[in-house]
Amino acid sequence: MSFSTLYRVLFKRNSVMVGTVLGCAFVFQAAFDTGVTTFYENHNKGKLWKDVKVQLANAAEDDDDEDDDDE
């Protein structure tokens, strides 16, 4: 696809250009957000609330089991 074809299809009319730019911005934002979130969660694995919450729930269950044995 040559630049002249790209120009004629996407950028010659202002309304089509605005739609193209908005569509590309939306797709870029979604992809960038997903990529940054994935990187952040992998980089901080074990320190995030979703990981700590499971550990705390398991610790609370273990404490409850020990309290039942004492009675």
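**Close-up 1. F11 in helix α1 of a predicted model.** F11 has its place in helix α1, in a structure that is a predicted model. With a relative accessible area of 33%, F11 counts as partly exposed, because the partly exposed class lies between under 20% for buried and over 50% for exposed.

**Close-up 2. A nonpolar surface patch that includes F11**.

**Close-up 3. The salt bridge between K50 and E41**. A search of the whole structure finds one salt bridge, and K50 forms a salt bridge with E41 in which the closest N and O atoms are 3.3 Å apart. Side chains of opposite charge can pair when their charged atoms come close. K50 counts as partly exposed, at 45% relative accessibility, and E41 also counts as partly exposed, at 31% relative accessibility.

**Close-up 4. D63 in helix α3**. D63 has its place in helix α3, which covers residues 49–70, and with a relative accessible area of 42% this residue is partly exposed. Along the chain D63 and G19 are 44 residues apart, and in the predicted model their C-alpha atoms are separated by 58 Å.

Notes. Residues numbered from 1 in each chain as written. Predicted model: local features only at pLDDT ≥ 70, side-chain atom pairs only at ≥ 80, totals over all residues. Heavy atoms only, no water. Patch = residues over 30% accessible without salt bridge, like charges linked within 9 Å, V, L, I, M, F, W, Y side chains within 5 Å. Areas by Shrake-Rupley, 256 points an atom, 1.4 Å probe, with all protein chains shown as cover. Salt bridge = Lys/Arg side-chain N within 4 Å of Asp/Glu carboxyl O. Helix = DSSP H or I, 4+ residues; strand = E, 2+ residues; numbered from the N terminus. Buried < 20%, exposed > 50% of the residue type's maximum accessible area, 1.4 Å probe, protein only.
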